[in-house]
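Below is a briefing on a two-part question: how the pieces of a chain meet, and what pairs inside them. Look at the model, then read on.

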Amino acid sequence: MAMWRAAARQLVDRALVGSRAAHTSAGSKKIVGVFYKAGEYADKNPNFVGCVEGALGIRNWLESKGHQYIVTDDKEGLDSELEKHIEDMHVLITTPFHPAYVSAERIKKAKNLELLLTAGIGSDHIDLPAAAAAGLTVAEVTGSNTVSVAEDELMRILILLRNFLPGYQQVVQGDWNVAGIAHRAYDLEGKTVGTVGAGRIGRLLLQRLKPFNCNLLYHDRLQINPELEKEIGAKFEEDLDAMLPKCDVIVINTPLTEKTRGMFNKEKIAKMKKGVIVVNNARGAIMDTQAVADACSSGHIAGYGGDVWFPQPAPKDHPWRYMPNHAMTPHISGTTIDAQLRYAAGVKDMLDRHFKGEDFPAENYIVKEGELASQYR
């Protein structure tokens with residue numbers, strides 16, 4: 001009898017462990033999405049799914065499966081809509097374009113939280129070590145907007161080199177002064193362009209720059225495939241400080257980590273060539289905000305362009321709004337309609353896999369089973 005009871009107890013214990021392991025695939029879940037609000041533009045395009053109103057196009061699908069789906073743009077402070085749902089939400093979906101900052105304090109409050117999804121690329125709005133310590137899964141839709149961002153970077157390089165914005169402003173203001181534009185307009189051909197980071201976006205940018213007959217350099221933790229390197233015609237620069245003074249144009253394509261936060265400070269910018277063009281669609285916090293503004297004012301940086309700020313949305317008094325010779329916009333490069341459809345489909349796929357207890361594509365994981373992806377270590 002004692003042996004029978006012990007065996008029965010083992011079966012019960014196994015069942016309990018199994019029920020905890022299957023927790024993500026059983027029952028109704030509360031999913032919270034934090035996106036930017038579209039307002040009057042919501043109905044302008046049926047494929048505009050990356051906003052609050054579009055809700056990634058997954059509301060009907062989620063609700064048909066019995067899940068609760070809360071969508072908001074209100075994300076900051078203890079009185080925010082997001083804060084009301086932190087304690088009992090199971091999944092949080094947010095986006096780099098209007099990020100919900102997930103601190104260690106918020107993670108501690110989120111007793112039911114299982115999964116943090118980024119609709120897009122870049123999960124630095126999450127305290128990743130805290131998420132790993134809490135046993136949460138963090139994932140993003142890798143590759144969903146790499147083309148979108150690389151194209152945008154190329155556009156900003158040309159806008160700044162050709163001194164396009166002052167010409168546009170002249171037309172709008174009713175002026176006509178060719179000299180006011182031409183005195184600092186340059187060709188891209190023959191210039192040395194260096195990318196700091198040569199991951200998916202950095203490689204795509206280098207490929208798109210090749211037809212312009214530039215001298216292409218890149219700095220990264222790892223050297224890219226030799227065959228691709230030869231095909232692109234790019235040269236690996238192991239020493240970043242040695243690469244910077246060689247470049248007429250520098251593009252930031254590295255993720256935001258504790259190592260890269262504030263990397264481009266006054267001292268690092270001083271190593272750049274005087275009159276350099278800098279494009280940053282990676283993350284605003286990689287740059288020292290005031291150092292960039294000062295370098296633009298002094299002319300050391302001849303033009304600074306990008307769509308990433310810290311924090312986001314950028315406050316009205318952010319110095320980058322008012323510095324000279326900039327081509328800054330809100331965070332838009334990775335949220336084209338094409339990109340929205342890709343990252344919406346990726347989010348739906350991962351949610352479906354999560355509900356079924358299946359793994360995601362390996363490249364999508366940022367935190368899995370307590371381990372951070374290599375780029376965030």
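Buried area is the accessible area (1.4 Å probe) that two parts lose on being put together, summed over both. Between domain 1 and domain 2 it comes to about 950 Å². Carbon and sulfur atoms give 46% of that area. The model is predicted: local features need pLDDT of at least 70, side-chain atom pairs count only at pLDDT 80 or more, and totals for chains, interfaces and linings use all residues. Residues are numbered from 1 along each chain as its sequence is written, and side-chain values use heavy atoms, with hydrogens and water left out.

**Domains**

- Domain 1 covers 19-140 + 336-372, and domain 2 covers 145-328. These bounds come from an automatic or database domain assignment.
- The centres of the two domains, taken over C-alpha atoms, are 31 Å apart.

**Interface**

- Contact (heavy atoms within 4.5 Å) links 15 residues of domain 1 with 10 residues of domain 2.
- Tyr101, Ile121 and Asp124 of domain 1 lose the most area to domain 2. Together they account for 50% of what that side buries.
- The rule finds 1 salt bridge across the interface of domain 1 and domain 2. A salt bridge is a side-chain nitrogen of Lys or Arg within 4 Å of a carboxyl oxygen of Asp or Glu.
- Polar contacts join 8 residue pairs across this interface, both residues at pLDDT 80 or more. A polar contact is a pair of N or O atoms within 3.5 Å; within protein, one must be able to donate a hydrogen and the other to accept it, and residues adjacent in sequence count only if both atoms are side-chain atoms.

**Salt bridges**

- The structure holds 18 salt bridges.
- Asp124 and Arg283 form one of them through their side chains, at 2.8 Å, N to O.
- Lys84 and Glu81 form another, at 3.3 Å, N to O. Both lie in helix 3 (residues 81-85), 3 residues apart, about one turn of the helix.
- Helices (H or I, at least four residues) and strands (E, at least two) are DSSP runs, numbered from the N terminus.

- An open sheet of 7 strands runs in the order 2-1-3-4-5-13-14, with mixed pairing. Two strands pair if DSSP finds at least two bridges between them.
- Strand 2 (68-72) and strand 14 (371-372) are the edge strands, each pairing on one side only.
- Strand 5 (residues 137-140) pairs with strand 13 (residues 365-368) in the antiparallel sense, over 2 bridges.
- Ala139 has Tyr365 of strand 13 as its bridge partner.
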